Amino acid sequence: MQPSFYEQVHQITKLIPKGRVTTYGAIAKALGAARSSRMVGTAMMHAHDPRLDVPAHRVVNHIGLLTGKHHFDNPNQMQVLLESEGIIIINDQVKDFKKLFWNPLEEI
DNA sequence: GTGTTGACCCCAA
DNA sequence: TTTGGGGCCAACA
């Protein structure tokens with residue numbers, strides 16, 4: 001069976017370690033589609049299904065901003081989930097983003 | 001088969 | 001330094 005682009009994105013996202021974050025662009029690059037970063041975000045919206053077990057809250061845009069928080073049931077949920085994993089959020093932005101950044105290319 | 005949309009990214013003024 | 005505009009490609013109607 002040929003996994004759709006969305007499925008591949010979900011696979012990568014599930015590999016994100018707890019307490020770490022990554023970017024849409026990095027995931028796109030890991031899939032070999034560096035210019036399809038927008039699709040990665042759209043795939044996250046499909047990941048809303050809990051059965052997929054996709055930690056969409058660990059994925060932020062390229063500056064560590066929680067751009068997708070409005071797509072959660074409660075916008076605060078994304079921040080709360082991240083903070084529960086030890087990640088500090090300031091102004092909808094990940095603190096020490098560069099340190100917490102997880103590069104899929106190095107793990108795969 | 002065509003057109004629109006989007007949880008983005010990059011570059012120029 | 002901050003702001004604005006264009007490009008990109010896959011999925012959906």
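Predicted model: local features only at pLDDT ≥ 70, side-chain atom pairs only at ≥ 80, totals over all residues.
Local features were considered at pLDDT of at least 70 and side-chain atom pairs only at pLDDT 80 or more, whereas totals for chains, interfaces and linings use all residues. Residues are numbered from 1 along each chain as its sequence is written, chains are lettered from A and ligands numbered from 1 in the order in which they are written, and side-chain values use heavy atoms, with hydrogens and water left out.

DNA strand B is surrounded by 15 residues, a residue being near a molecule or strand if one of its heavy atoms lies within 4 Å of it. The closest of these residues are Tyr24, Arg38, Met45, His62 and Gly68. Sugar or phosphate accounts for 47% of the atoms of DNA strand B within 4 Å of the protein, and bases account for the rest. Polar contacts (pairs of N or O atoms within 3.5 Å; within protein, one must be able to donate a hydrogen and the other to accept it, and residues adjacent in sequence count only if both atoms are side-chain atoms) were found to bases and to phosphate. A polar side-chain atom of Tyr24 is placed 3.0 Å from a base nitrogen of DNA strand B. Two or more residues of the surface near DNA strand B come from each of α2 (24-30) and α3 (37-46), where helices (H or I, at least four residues) and strands (E, at least two) are DSSP runs numbered from the N terminus. The element that gives the most is α3, with 6 residues. By class, the surface near DNA strand B comprises 6 nonpolar, 8 polar and 1 charged residues; Ala, Val, Leu, Ile, Met, Phe, Trp, Tyr, Cys and Pro count as nonpolar, Asp, Glu, Lys and Arg as charged, and the others, Gly among them, as polar.

Around DNA strand C are Phe5, Tyr6, Arg35, Ser36, Arg38, Met39 and His46. Of the atoms of DNA strand C within 4 Å of the protein, 67% are from sugar or phosphate and the rest from bases. A backbone N or O atom of Phe5 is 3.3 Å from a phosphate oxygen of DNA strand C. Elements α1 (5-14) and α3 each give two or more residues to this surface, and α3 gives the most, with 3 residues. The surface near DNA strand C divides into 3 nonpolar, 2 polar and 2 charged residues.

The largest pocket has a volume of about 590 Å³. A pocket is an open set of points on a 1 Å grid over the protein atoms alone where a 1.4 Å probe fits, with protein on both sides within 12 Å along at least five of seven lines, and lining residues have an atom within 4 Å of a point. Grid points are joined across faces, edges and corners, and the volume is the space filled by probe spheres set on the points. The lining consists of 24 residues, of which Met44, Ala47, His48, Ala56 and Phe72 lie nearest the centre of the pocket. The largest share of the lining, 5 residues, is supplied by α3. The lining has 12 nonpolar, 8 polar and 4 charged residues.

Asp92, although not a glycine, has a positive phi of about 60°, and is found in the loop between β3 (89-90) and β4 (93-94).
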